[in-house]
Amino acid sequence: MEYIGATGVPVSFDKVPIDDGIDFHFVLGFAIDADDSGEPQNGVFSPYWLSTLTPKSVARIKARHPNVLASLSGWSLGDKVLSWYNPKDPDHWISNAFTSLQSLASDYHLDGINIDYETFPRNDTTFSYCIGELITSLKNNSIISVATIAPYYRTVDPYIKLFNEYGGVINYVNHQFYTDRVRDPRAYVEAFRTRATQFDENTGKLMFAKDNRTTVPGASMVGFVCLQQRKYLKKRLKLTKWLIGCA
């Protein structure tokens, strides 16, 4: 899973080496419910990924690797930290979000969406309903076929509620384990088991998501070390799938 288009550095799909033997997803970062100043737009999502990632370039890469998602929200827009907010009229928010994402999916040939809200108000009362109903409507109308969610240790509670209420329309939980500040394979095993109980281990939807970044304080066991220990982790967790995120 390659997050692409959010760093401001010129990039193209063609520069990413992809093995034909793996299930690979490009994730465009980000589609954001905000204007240029970061003010919420009541569910109207706009694309903020690099302009070099055009609809034509998506169509070309999909001819070879047909999995392109749009990630919703992310951490920030410029210097403005983004947050989920409680819409005054949740159903109006859902309607706006459906319409804007339907347009984006059509323009950019998208297969799905990745939910990556990373900040929440203390009194969140609408996230699960709004996002769950949005995903359900997009799938029921064949706008998307894939929906993933990307919690991390500070946001796990609202995502657990979302998964418990709408898990049937969520394909994968790519928990951002690199934020859990665990430093060795044994600690990762325990962290994975904890998340597996929270996201229903029997569904097989929880992916062992890793990242190659080294900038997260305390996250000393980054992607390449995790891969070195894959036999240990696979044996103890009985993993059949790995999700490796690169952002």
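Q: Which residues of α3 meet which residues of α4?
A: From α3, F127, S128, Y129, I131, G132, E133 and T136 meet P158, Y159, K161, L162, E165 and Y166 of α4; contact means heavy atoms within 4.5 Å. This is a predicted model, where local features need pLDDT of at least 70 and side-chain atom pairs pLDDT 80 or more, while totals for chains, interfaces and linings use all residues. Numbering starts from 1 along each chain as its sequence is written, and side-chain values use heavy atoms, without hydrogens and water.

Q: What makes α3 oblique to α4?
A: Helix α3 (residues 127-140) and helix α4 (residues 156-166) pack at about 45 degrees, with axes 9 Å apart. That makes the pair oblique, because the angle is not under 35 degrees (roughly parallel), over 145 (roughly antiparallel) or from 65 to 115 (roughly perpendicular).

Q: How do you know that the side chain of K62 makes a polar contact with the side chain of D111?
A: The two side chains come to 3.1 Å, and a polar contact takes N or O atoms within 3.5 Å, one able to donate a hydrogen and the other to accept it. The K62 side chain also reaches the backbone oxygen of H109, at 2.8 Å. K62 itself lies in helix α1, residues 55-62. Beyond its neighbours within four places in sequence, K62 is in contact with V68, H109 and D111.

Q: What share of the chain counts as buried?
A: Of its 247 residues, 52% do, buried being under 20% relative accessible area with a 1.4 Å probe, protein chains only.

Methods: Helices (H or I, at least four residues) and strands (E, at least two) are DSSP runs, numbered from the N terminus. Buried means under 20% relative accessible area, exposed over 50%, partly exposed in between (1.4 Å probe, protein chains only). Axes are lines fitted to C-alpha atoms, for helices over the stretch in contact, and angles run from 0 to 180 degrees between N-to-C directions.
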